[in-house]
Amino acid sequence: MKTLALALALVAISAAGAFADTCTATVASKSLAGAAKTSFLTKCQKDATAVCETQAAEKKLYGAAKKSFTTKCVEDAVGK
């Protein structure tokens, strides 16, 4: 249980730094294209989803509120 909590905390901390810029802004600044761009955006979206779901759980959101929060959070992180 402690290991899981530690892992989630580390993901949240590392992802928070990664989301200082949006994923799409990072792609543009790194000039990624093709498969590298797709791979980066896929990983970035997965990481954002995990962090946003953790934040929703911390806020004790459920149902439609959780879905709405998570969707907006991921969109903000990805840059859509």
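For the helices I rely on DSSP runs of H or I with at least four residues, numbered from the N terminus. Buried stands for a relative accessible area under 20%, exposed for over 50%, and partly exposed for what lies in between, with a 1.4 Å probe and protein chains only. In soluble globular proteins, nonpolar side chains tend to be buried together.

**Basis.** I note that this is a predicted model, in which local features need pLDDT of at least 70 and side-chain atom pairs count only at pLDDT 80 or more, whereas totals for chains, interfaces and linings use all residues. Residues are numbered from 1 along each chain as its sequence is written, and side-chain values use heavy atoms, with hydrogens and water left out.

**Helix 4.** I checked the length of helix 4, residues 63-78, whose 16 residues reach 23 Å from the first C-alpha to the last, close to the 22 Å expected at 1.5 Å a residue; the expected span is 1.5 Å times one less than the number of residues. I then listed the buried residues of helix 4 as T70, C73, V74, A77 and V78. Seen down the axis of helix 4, these buried residues fall within an arc of 120°, so they line one face of the helix, the arc being that of the directions from the helix axis to the C-beta atoms. They pack against helix 2 (23-30) and helix 3 (34-58), where contact requires heavy atoms within 4.5 Å. After helix 4 comes G79, whose phi is positive, near 100°.

I looked up T70 in helix 4 separately, and its relative accessible area is 11%, which means that T70 is buried. Leaving out residues up to four places away in sequence, T70 touches C52, E53 and A56.

**Helix 3.** The buried residues of helix 3 are C44, A48, V51, C52 and A56. Just after helix 3, K60 takes a positive phi of about 55°.

**Helix 2.** I find C23, T26 and V27 as the buried residues of helix 2; they cover an arc of only 100° around the axis, which puts them on the same side of helix 2. On the other side of this helix, A28 and S29 are exposed. The buried residues of helix 2 pack against helix 3 and helix 4. For C23, with neighbours within four places in sequence left aside, I list contacts with F40, L41, C44, A77 and V78.

I also examined T26, which is found in helix 2 and is buried at a relative accessible area of 14%. The side chain of T26 reaches the backbone oxygen of T22 at 3.0 Å. Not counting residues up to four places away in sequence, T26 touches D21 and F40. My last entry for this helix is S31, which takes a positive phi of about 55° just after helix 2.

Conventions:
Helix = DSSP H or I, 4+ residues; strand = E, 2+ residues; numbered from the N terminus. Polar contact = N/O pair within 3.5 Å; in protein donor to acceptor, adjacent residues only side chain to side chain.
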